[in-house]
Amino acid sequence: GKRRAVARFRGSNSAPAWSPDGRRLAVVLSKDASSQIYLIDLEGGAPQRLMASSGLDTEPAFSPDGRWLYFTSDRGGSPQIYRVPVEGGAAQRLTFEGGYNVSPALAPDGRTMAYLHRRDGRFLVAVMDLTSGQSRVLTDTDHDESPSFAPNGRMILYATRVGNQGMLATVSVDGQVK
């Protein structure tokens, strides 16, 4: 019943993501340099920096099986989505189409990733089949953000703006139902 800080370091402490087993958090800390991803064991111990990057790494999201950590990084010059094994290793870039792809969210089965894609100044929800690497844009609004899968993996909830009105909207993974 007591609260305790799990990340209270100098600089930014942000973007927490639970591991599927609930034992660790991936967090973005700027305590040693620019924003980097660290793993924090909730039983205690020092945060473990997942990888070294000269860019900004942010928006961590665990795969449902807990083996991968998906994240946004500008290490290649523009914000793109990467993944890295949770136990360490080299980061692999996943998005290549366009100069701005952020906010990865994984489907419950781990086979599909939703993310935000910028096209012509518009922020749109897109999905990628992680087996084939094929992507497609699902929405046609202008200011989409925060995609999240429904527990059954068939719908994506996201925030958007239509005119001056902020709202939550859904789109099916195939883009047919909006």
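Visitor: In the hairpin of strand 6 and strand 7, which residue in the turn has a positive phi?
Guide: Strand 6 and strand 7 form a hairpin with 6 residues between them. Strands are DSSP runs of E of at least two residues, helices are runs of H or I of at least four, and both are numbered from the N terminus. The turn residue with a positive phi, about 110°, is Gly77.

Visitor: What kind of model is this, and from which number are residues counted?
Guide: This is a predicted model, in which local features need pLDDT of at least 70, side-chain atom pairs count only at pLDDT 80 or more, and totals for chains, interfaces and linings use all residues. Side-chain values use heavy atoms, with hydrogens and water left out, and residues along each chain, as its sequence is written, are numbered from 1.

Visitor: Over how many bridges do strand 6 and strand 7 pair?
Guide: Two strands count as paired if DSSP finds at least two bridges between them. Strand 7 covers residues 80–85 and runs antiparallel to strand 6. One of the facing positions is Ser73, which stands opposite Gln80 in strand 7. The number of bridges between the two strands is 6.

Visitor: In what order do the strands of the open sheet follow one another?
Guide: The sheet has 4 strands with antiparallel pairing. Its edge strands are strand 5 (57–62) and strand 8 (92–93), each of which pairs on one side only.

Visitor: Which residue in strand 6 is the bridge partner of Ala61?
Guide: Strand 5 and strand 6 (residues 68–73) pair in the antiparallel sense over 4 bridges. The hairpin they form has 5 residues between the strands, among them Gly66 with a positive phi near 75°. In strand 6, Phe62 has Leu69 as its bridge partner, while the partner of Ala61 is Tyr70.

Visitor: How many residues of strand 6 are buried?
Guide: Buried means under 20% relative accessible area, exposed means over 50%, and partly exposed lies in between (1.4 Å probe, protein chains only). Of the 6 residues in strand 6, the number buried is 6.

Visitor: Is Glu59 buried or partly exposed?
Guide: Glu59 lies in strand 5 and has a positive phi near 55° although it is not a glycine. With contact meaning heavy atoms within 4.5 Å, and leaving out residues up to four places away in sequence, Glu59 touches Ala15, Val28, Tyr70, Phe71, Thr72, Val102, Ser103 and Pro104. Its relative accessibility is 27%, so Glu59 counts as partly exposed.

Visitor: What is the relative accessibility of Ser146?
Guide: Ser146 belongs to strand 13 (residues 145–149). This serine has a positive phi of about 55° without being a glycine. Ser146 counts as partly exposed because its relative accessibility is 48%.

Visitor: Which residue in strand 3 stands opposite Leu25?
Guide: Strand 2 (residues 24–29) and strand 3 pair antiparallel over 6 bridges, and a hairpin joins them through 6 residues. Strand 3 (residues 36–41) is mostly covered, with 5 of its 6 residues buried. The residue opposite Leu25 is Ile40.

Visitor: Which residue in strand 4 is the bridge partner of Leu39?
Guide: Strand 3 and strand 4 (residues 48–49) run antiparallel and are joined by 2 bridges. Their hairpin has 6 residues between the strands, and Gly44 in the turn has a positive phi of about 125°. The bridge partner of Leu39 is Gln48.

Visitor: How far apart in space are Thr131 and Thr112, C-alpha to C-alpha?
Guide: Thr131 sits in the loop between strand 11 (122–129) and strand 12 (135–137). At 73% relative accessibility, Thr131 counts as exposed. Thr131 and Thr112 are 19 residues apart in sequence, and their C-alpha separation in space is 8.3 Å.

Visitor: What is the radius of gyration of the protein chain?
Guide: The secondary structure of the chain comes to 0 helices and 15 strands, and the C-alpha trace spans about 45 × 40 × 35 Å along its principal axes. The radius is taken over C-alpha atoms, and the globule rule is 2.2 Å times the number of residues to the power 0.38. For 178 residues a compact globule would have a value near 16 Å, which agrees with that of the chain, 16 Å.
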